[in-house]
Amino acid sequence: MNSRGVRSQLKDSVPVAGFCPQGAYGVHDALRGGFSSVKNELIQSHPLELTEKNFQLNQDKMNMSTLRNIQGLHAPLKLQMEYRAARQIQRLPFLQSSNLALDTLRGSDDVIGFEDILNDPCQSEVMGDPHVMVEFRLGLL
């Protein structure tokens, strides 16, 4: 049978209540349609939300393009290598790193932000067992 015959048969068919993805009573059928995710159905709360999430990335891109136009290709490449080296500097696994060298390179070491006043939740005063955390980082656990 050719594909034209199948299309015409599907177009003329009547949907059966038991086979629709919404189910017989209008409830989502998870067995046939999969799990529904609330996160996929949410919309952004404000048009500027995406811009605010990517502010630092956009700022870095703009600075790199300006630096390339003014000083040439070598300047942003050198700065990116310095950023990468500064990101690799870390404290022991059970201590949070302040990334002071990276902040100094970006010029944001003198900026007071939200996390400086109200504290960042990931920098809580509760510390885990250092030996377990180091072993986990090294892949021994």
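Where is Leu 141 found? In this predicted model, Leu 141 sits in the segment after helix H9 (130–138). Leaving aside its neighbours within four places in sequence, Leu 141 is in contact with Val 132, Glu 135 and Phe 136.

Stepping back to the fold as a whole, the protein chain has 9 helices and 0 strands. Read from the N terminus on, the elements simply go α-α-α-α-α-α-α-α-α. Of the 141 residues in the protein chain, 9% count as buried. The protein chain exposes about 12,700 Å², and 59% of that area is supplied by carbon and sulfur atoms. As for contacts with a separation of 6 or more, 23% of them are accounted for by residues 24 or more positions apart.

Helices H5 and H6 come next. Two packed helices are described by the angle between their axes and the distance between the axes. For helix H5 (residues 55–71) and helix H6 (residues 74–88), the axes come within 7 Å and cross at roughly 140°. That angle makes H5 oblique to H6. On the H5 side, the contact is made by Met 64, Leu 67, Arg 68 and Gln 71. H6 answers with His 74, Ala 75, Pro 76, Leu 79, Gln 80 and Tyr 83.

Then there are the charged pairs. Side chains of opposite charge can pair when their charged atoms come close. Here the count comes to 3 salt bridges. One of them joins the side chains of Arg 106 and Asp 60, at 3.5 Å from N to O. This pair links distant parts of the chain, with Arg 106 in helix H7 (residues 100–106) and Asp 60 in helix H5, 46 residues apart. Asp 60 counts as buried because its relative accessibility is 17%, and the cut-off for buried is under 20%. Arg 106, in turn, is partly exposed, with a relative accessible area of 29%.

Another salt bridge pairs Glu 49 with Lys 53, whose closest N and O atoms are 3.7 Å apart. Both residues belong to helix H4 (residues 49–53), where Glu 49 and Lys 53 are 4 residues apart, about one turn of the helix. Glu 49 is partly exposed, with a relative accessible area of 27%, whereas Lys 53 is exposed at 61%.

Glu 82 comes out as partly exposed, at 30% relative accessibility.

Finally, the surface carries a nonpolar patch formed by Ile 112, Phe 114, Ile 117 and Leu 118. Together these residues have about 510 Å² of accessible area. One of the four, Ile 117, lies in helix H8 (residues 114–118). Ile 117 is exposed, with a relative accessible area of 64%, so it clears the cut-off of over 30% that patch residues have to meet.

How values were computed. Residues numbered from 1 in each chain as written. Predicted model: local features only at pLDDT ≥ 70, side-chain atom pairs only at ≥ 80, totals over all residues. Heavy atoms only, no water. Patch = residues over 30% accessible without salt bridge, like charges linked within 9 Å, V, L, I, M, F, W, Y side chains within 5 Å. Areas by Shrake-Rupley, 256 points an atom, 1.4 Å probe, with all protein chains shown as cover. Salt bridge = Lys/Arg side-chain N within 4 Å of Asp/Glu carboxyl O. Helix = DSSP H or I, 4+ residues; strand = E, 2+ residues; numbered from the N terminus. Buried < 20%, exposed > 50% of the residue type's maximum accessible area, 1.4 Å probe, protein only. Axes fitted to C-alpha atoms, helices over the stretch in contact; angles between N-to-C directions. Parallel < 35°, antiparallel > 145°, perpendicular 65-115°, else oblique. Contact = heavy atoms within 4.5 Å.
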